[in-house]
Amino acid sequence: MDFTPTEEQAAARDLAARIFGDLSTHERLTAAGTGSDAELWKALCEAGLPAAVEDIGLLGLVLLLEEQGRTTAQVPFAASCVYGLLAVSAHGSAEQRKRLLPAIGDGTVVVTGALPEAAVRVVGSGELSGVVPVVPWLRDATHVLVADDEHGLWLVRTVDARCEPVELTAPWSAGRLTLDGTPGEPLGERERAGERPGERLGGSDADVAGQGAYDDVLATARTAFAGLQAGVCAGSVARAVAHTNTREQFGRPLATKQGVQLRAADAYMDTEAIRVTAYEAAWRRDEGLDYATHALTAAWWASEAGSRVVHAGQHLHGGMGADLDHPVHRHFLWGRQLDAYLGCGSEVLQELGALIVDGEGDA
């Protein structure tokens, strides 16, 4: 394994760090409230970062999402890249790739995902019905990648569905998706005689890591959002370090106290565990290797360790950590949201155990 970024990945990461650092400031985040930052999203798209993910792969995306997480930038970057660009690139038909990938890359099409919900069913000919209570970034999306109750994947235009705003722990511009005979476009070429949606991989020429489209998209999402969590935690730790080095108690910086040092060290090690497991899962997918258990492992660390880290970051700020307007509180909110998104630690661990017992875990 070699997680050293390629020249292209490193250049994209550095560009993302500069854009997020310049535009995702405390003042702009405060002004955005619970919505997205349209100017920041426009800057990212004009810089070609969403489009670059097709070339730099999932590991490259994880590197970019780390930079987003450090600043808790409120843009649908992870969602549109995972459920849109990577999903269509890997599993879409040739026509879908030609039509959608350029638009996703330049930001005119924004895709989010209603996974792993399975409350949607196919009715009639390519029509969908069901309710997904919470879909992140739905208010920004033009399309939603929906999984039906048989794990078939469908693209639904938000203008054809009913979308109602929902507020989450983190400001993810979320919404409630209601489908009532809503037309859907199957991802890939699945309309073959005698074939149910989701029985075969979509329009991709090869099965990614030997998994079906639904399994691959979900594993990709878990890996990507683990990378986002690594950035959220790194930002929380950095703020805690800066605070404890400048805040004095009894004439000495808080950072000189052994208890503070141990708490910060534990948070740092947890952050590194999230990062390395996300890197490994992403690298294996990019290399065409089995990565199902690795994605679940990264998701478990992101949930369990991520929660510990953002709590520690808040606690190390003392009374300031309880201030809802303090920047570290955003890391706390994002960390808690990511803790539950795509499966909390206990759910992911149960899924991982079942995969290992069934003998389907990768080596």
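Analyst: Happy to! Let us begin with a term: a residue is called buried under 20% relative accessible area, exposed over 50%, and partly exposed in between, using a 1.4 Å probe and protein chains only. This is a predicted model, where local features need pLDDT of at least 70 and side-chain atom pairs count only at pLDDT 80 or more, while totals for chains, interfaces and linings use all residues. Residues are numbered from 1 along each chain as its sequence is written, and side-chain values use heavy atoms, leaving out hydrogens and water.

Now for the rings. Those of Phe, Tyr and Trp (its six-membered ring) pair if their centres lie within 6.5 Å; planes under 30 degrees apart are stacked, over 60 edge-to-face, and the rest tilted. This rule gives ten aromatic pairs.

One of them joins Phe 3 and Trp 283, an edge-to-face pair with 6.3 Å from centre to centre and 70° between the planes. Phe 3 sits in the segment before α1 (7-23) and Trp 283 in helix α8 (residues 258-286), so this pair ties together parts that are 280 residues apart in sequence. The helices named here, and the strands, are DSSP runs numbered from the N terminus: helices are H or I with at least four residues, strands E with at least two. How accessible are the two partners, Phe 3 and Trp 283? Phe 3 has 22% relative accessibility and therefore counts as partly exposed, whereas Trp 283, at 17%, counts as buried.

A second pair to look at is Trp 41 with Phe 77. Their ring centres are 6.4 Å apart and their planes are at 70°, so this pair is edge-to-face. Here, too, distant parts of the chain are linked: Trp 41 belongs to helix α3 (residues 38-46) and Phe 77 to helix α5 (residues 77-91), 36 residues apart. Both Trp 41 and Phe 77 are buried.

Rings can also join up into a group. Ring pairs link Trp 137, Trp 172, Phe 225, Trp 334 and Tyr 341 into a cluster.

Ala 32 is found in helix α2 (residues 26-32), and its relative accessible area of 24% makes Ala 32 partly exposed.
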